[in-house]
Amino acid sequence: MSPPSCGEICRKPTKGQAKDALVKIRGIVSKNTGFLGAYVQILTGDAGLLYEEIRDAPIVSPHGHCDPAWFANDEAFANPAALLVVPDHYVFRMLFSQGADLADLGIGSAGGAANPRDVFRLFASNWHLFLGTPSRFWISYVLTETLGISTPLSAATSDQVYDQIAEKLAHPDFRPRALFDRFGIEVLATTDAALDDLAHHQAIRDSDWQGRVIPTFRPDSLLDPADPSFRTNLDQLAVLTGADTCTFDGYLTALRQRRAVFIAAGATATDHAIEAVYTEWLAEPETLFQRLRAGTGSAEDAQRFYGHMLIEMAQMSVEDGLVMQIHGGSRRNTNQAVMARFGRDKGADIPVATDWVRGLEPLLNRVGNAPEFTLILFTLDETTYARELAPMAGHWPCLRIGPPWWFHDSAAGIARYFDQVVETAGYYNLAGFNDDTRAFLSIPARHDLWRRGVALHLSEQVARSACGMTDARALATLLATDLARDAYRLSG
């Protein structure tokens, strides 16, 4: 006998039914209630009904940072620490904030000799630090829902849980391709440097596996003269394409060639990560390019040139159809001691205020009305959602607002996002959801949290008569899958 739907058991229970209904809800909303803690709200009534309709929808993952080698080689993940702790900056930045040495967590070259079991012990002994954070939900979900681990994580159970995870990882059902299929992933986009040879993507296409893993064109190191390797990268670009990157026209030709290679490999989007949102159209960029190519340009020259190149990238997107993404407002590598010892991207990236209106005005006035162009904006400055991004997306045909990102992809962050953008931008100017993660096993957890947030938001809309259940059901599917497919042109 199939269980009753959330709508059947949750709609306005009497006091006498409430306790029994809650027990049934827990069994329906979660296959394994072990991961449900104070962080996750039990969904009832219309929210429970809407969630049930989208919880098992395919996962569309149009932007993230998983390693394509996982799916090309399909080898077992090395160990629990390498899978759950070392690559997850949400995890190690929290531990670092409480005094942990990143070397003891196996981070960077300084931590290369760390024993994986010791790394996991350090993590498990500090599991309490993650209370109240989305990481607590994601990792709990991975342990119980994905890996089937029922032993509660703690310092006392660290070795036991480590061994249970290691045993799972050794099984063929827990290799990357099998998990990809089990997760119901329809498409997964990686993020790849513009100079990448895309060999792993080619290996995936040459295999008999049917999973759709596609690259995303990330050219920042070729566009930003502030990158320490900028000039070396231009030399490599010349070797790779045969174009003359000592002239500005040759440089543009080389970039177009690399975009074409990515498109041939299945890419549908580009990605740009910038601190200050700034664009400027230069009538004669050659002189500035030559100065920067020679290493004699100033910081202002570098900013102006990169601002110009963002517009060039937008114009190329009009030509070749690649969707453009801008992730703005993160000041990178702010802890100089960590940067010197462990390298880039070690948890010290901090949100900063962002001026989207003035920053994008030159770009939008050049290509923002082009019907062939789509630009998806992600912000870490939540104050801009209602003030800038929603009004902008509510006007410019090219703009879509990306989902809550990085520090804000949480239950509360999702609720704030809907509250600030929908009244001005509507739903159809949003880009759906993407998980934007390196932690492959957390992808279902992140999409589940988003779908819970969608169900809660839409049930509130129904409750205040902003829409009926028929519209709410359609919007739930739209927000869970269809907007992402459309925004990233993934339906083909």
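Does D436 count as buried or exposed, and at what relative accessibility? D436 counts as buried, at 15% relative accessibility; here buried means under 20% relative accessible area, exposed over 50%, and partly exposed in between, with a 1.4 Å probe and protein chains only.

1. Basis of the note. This is a predicted model, in which local features need pLDDT of at least 70 and side-chain atom pairs count only at pLDDT 80 or more, while totals for chains, interfaces and linings use all residues. Residues are numbered from 1 along each chain as its sequence is written, and side-chain values use heavy atoms, with hydrogens and water left out.

2. Overall form. The protein chain has 22 helices and eleven strands; these are DSSP runs numbered from the N terminus, helices being H or I of at least four residues and strands E of at least two. The radius of gyration is 23 Å, close to the 23 Å that the globule rule gives for 492 residues, so the protein chain is as compact as a globular protein of that length. That radius is taken over C-alpha atoms, and the globule rule is 2.2 Å times the number of residues to the power 0.38. Along the principal axes, the C-alpha atoms fill a box of roughly 80 × 55 × 45 Å. Of the 492 residues, 56% count as buried.

3. Residues with positive phi. Most residues other than glycine have a negative phi. D436 is not a glycine, yet has a positive phi of about 50°; D436 is found in the loop between α20 and α21 (443-463). W406, also not a glycine, has a positive phi of about 60°. The loop that holds W406 runs between β11 (399-401) and α20 (411-425), and W406 is buried, with a relative accessible area of 11%.

4. Cavities. The structure holds five cavities of 30 Å³ or more. On a 1 Å grid over the protein atoms alone, a cavity is a set of points where a 1.4 Å probe fits but cannot get out, and lining residues have an atom within 4 Å of a point. Grid points are joined across faces, edges and corners, and a volume is the space filled by probe spheres set on the points. The largest cavity has a volume of about 70 Å³.

5. Lining of the largest cavity. The lining consists of L83, L84, D88, W138, I139, V142, A439, L441, S442 and R446. By class, seven of these residues are nonpolar, one is polar and two are charged; Ala, Val, Leu, Ile, Met, Phe, Trp, Tyr, Cys and Pro count as nonpolar, Asp, Glu, Lys and Arg as charged, and the others, Gly among them, as polar. Both α5 (80-84) and α8 (134-146) supply at least two residues of the lining, and the largest share, three residues, comes from α8. Domain 1 (78-173) and domain 2 (176-487) each contribute at least three residues to this lining, with domain bounds that come from an automatic or database domain assignment.

6. Cysteines. How many disulfides does a search of the whole structure find? The search finds zero, a disulfide being a pair of cysteine sulfur atoms within 2.5 Å. C246 is partly exposed, with a relative accessible area of 44%, whereas C467 is buried, at 15%.

7. The loop between α6 (89-97) and α7 (116-125). S109 has its place in this loop and is exposed, with a relative accessible area of 70%. The C-alpha atoms of S109 and P80 are separated by 19 Å, the two residues being 29 apart along the chain. N115 is placed in the loop between α6 and α7 as well, and is partly exposed, with a relative accessible area of 40%. N115 and L105 are ten residues apart in sequence, and 8.8 Å apart in space from C-alpha to C-alpha.

8. Two further loop residues. A156 lies in the loop between α8 and α9 (158-169) and counts as exposed, at 78% relative accessibility. A156 and A124 are 32 residues apart in sequence, with a C-alpha to C-alpha distance of 8.5 Å. W209 lies in the loop between α11 (199-206) and β4 (213-214) and is buried, with a relative accessible area of 11%. W209 and A348 are 139 residues apart in sequence and 38 Å apart in space, C-alpha to C-alpha.

Note on methods:
On a 1 Å grid over the protein atoms alone, a cavity is a set of points where a 1.4 Å probe fits but cannot get out, and a pocket is an open set with protein on both sides within 12 Å along at least five of seven lines; lining residues have an atom within 4 Å of a point.
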